[in-house]
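Subject: Model handover

Dear colleague,

Please find the model below, with the sequence alongside. My notes on it follow.

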Amino acid sequence: MAGEKILIIDDEKEINDLIKAYVTKEGFVPICAYNGKDAMTCITEDNPDLVILDFMLPDIEGPELCLDIRKKTNIPILFLSCRSEEIDKIVSLSAGGDDYITKPFLPGELIARIKANLRRSRSSQEELQLEEKPIVAGEMIIDPQLRTVMVGNEAVNLTAKEFDILLMLAKNPKRIFSAEQLFKIVWKTTSINNDPKTVAVHISALRKKIETPNADERYIISIRGVGYKFNHMLLE
């Protein structure tokens, strides 16, 4: 796993240098940015494998920058923040973040999170090598190979986790998944800061992107007290 490029986006030079030292020791290649503008340049020119993103930057807030990054790439984004409020975690994950760690942090935990997210990203890329036919459901087309979603004639911009959840539900349309099951399958772990609302946040964001408020039929159905399932009646 060594050799992957880690983009560190934090305006505090001491924090940036500290993380740089940690990832360098583990064999990763650090790239440093201190504001959103420089960070986007690094995304385009350096093609990093993972981003460590501070929640607050001098020229832009982390979640907003995360949305901009998601327009270009689905690489893992690990938020780093001194804020520990639940709403801040929800905002970060809803913007497309994959993980959230609060300051001060332990070096071992940070490195473990980096490696775990890189493993998940690599696993997803390897799965793409298996040829899969597009899934057609109503006006939606899900292409597992290209990792794209079309609703009508419009492309839908999903985060990596949103796409993985949608694909898992669509590939198993008659199965009801609990939030815990989806979390274990999609995140390939059993907990993320012990936050049970992570899946619900992603499902909510996903629905807003693929469904219209007044639609008669939903793609994702909530089974109260049980979990979620895909609306198999829409499948062709």
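A search of the whole structure finds 4 aromatic pairs (rings of Phe, Tyr and Trp, the last by its six-membered ring, pair if their centres lie within 6.5 Å; planes under 30 degrees apart count as stacked, over 60 as edge-to-face and the rest as tilted). One of them is Phe55 with Phe79: the ring centres are 6.4 Å apart and the planes stand at 55 degrees, so the pair is tilted. Phe55 sits in the loop between β3 and α3 and Phe79 in strand β4, so to speak distant parts of the chain, 24 residues apart. Both Phe55 and Phe79 are buried (under 20% relative accessible area; exposed is over 50% and partly exposed in between, with a 1.4 Å probe and protein chains only). Ring pairs join Phe55 and Phe79 with Tyr100 in a cluster.

Some ground rules. This is a predicted model, in which local features need pLDDT of at least 70 and side-chain atom pairs count only at pLDDT 80 or more, while totals for chains, interfaces and linings use all residues. Residues are numbered from 1 along each chain as its sequence is written, and side-chain values use heavy atoms, with hydrogens and water left out. Helices (H or I, at least four residues) and strands (E, at least two) are DSSP runs, numbered from the N terminus.

Salt bridges come next. The whole structure holds 15 of them (a side-chain nitrogen of Lys or Arg within 4 Å of a carboxyl oxygen of Asp or Glu). Asp54 and Lys103 form one, with their closest N and O atoms 3.4 Å apart. Asp54 belongs to strand β3 and Lys103 to the loop between β5 and α5 (107–128), so this pair ties together parts that are 49 residues apart in sequence. Asp54 and Lys103 are both buried.

Another salt bridge joins Lys161 to Asp98, where the closest N and O atoms are 2.9 Å apart. Lys161 is in helix α6 (residues 160–171) and Asp98 in the loop between α4 and β5, so the parts tied together are 63 residues apart in sequence. Lys161 and Asp98 are buried.

Arg147 lies in the loop between β7 (140–143) and β8 (148–151), so the pair links parts that are 17 residues apart in sequence. Asp164 has a relative accessible area of 16% and is therefore buried. Salt bridges with shared partners also join Asp10, Glu12, Asp54 and Lys103 into one network.

On to the strands. In β1 (residues 5–9), 4 of the 5 residues are buried, so the strand is largely enclosed by the rest of the structure. β1 runs parallel to β2 (residues 29–33), and 5 bridges join them (strands pair if DSSP finds at least two bridges between them). Lys5 has Val29 of β2 as its bridge partner. From β1 the chain crosses through helix α1 (residues 13–25) to β2, and this β-α-β crossover is right-handed (with the strands pointing away from the viewer, the path from the first strand over the helix to the second runs clockwise). β1 is also parallel to β3 (residues 50–54), to which 4 bridges join it. Here Leu7 stands opposite Val51.

Two helices are worth a note. In α4 (residues 86–94), the buried residues are Asp88, Lys89, Ser92 and Leu93. They cover an arc of only 130 degrees around the axis, which puts them on the same side of α4 (the arc is that of the directions from the helix axis to the C-beta atoms). An α-helix has 3.6 residues a turn, so residues three or four places apart point the same way. The buried residues of α4 pack against α3 (62–70), β4 (77–81), β5 (99–102) and α8 (198–210), contact meaning heavy atoms within 4.5 Å. Just after α4, Gly96 has a positive phi of about 115 degrees.

In α7 (residues 179–187), Leu182, Phe183, Val186 and Trp187 are buried. Their arc around the axis is only 100 degrees, which puts them on the same side of α7. Glu180 is also found in this helix, and counts as exposed at 52% relative accessibility. Between Glu180 and Gly227 the C-alpha to C-alpha distance is 8.8 Å, although they are 47 residues apart in sequence.

Regards
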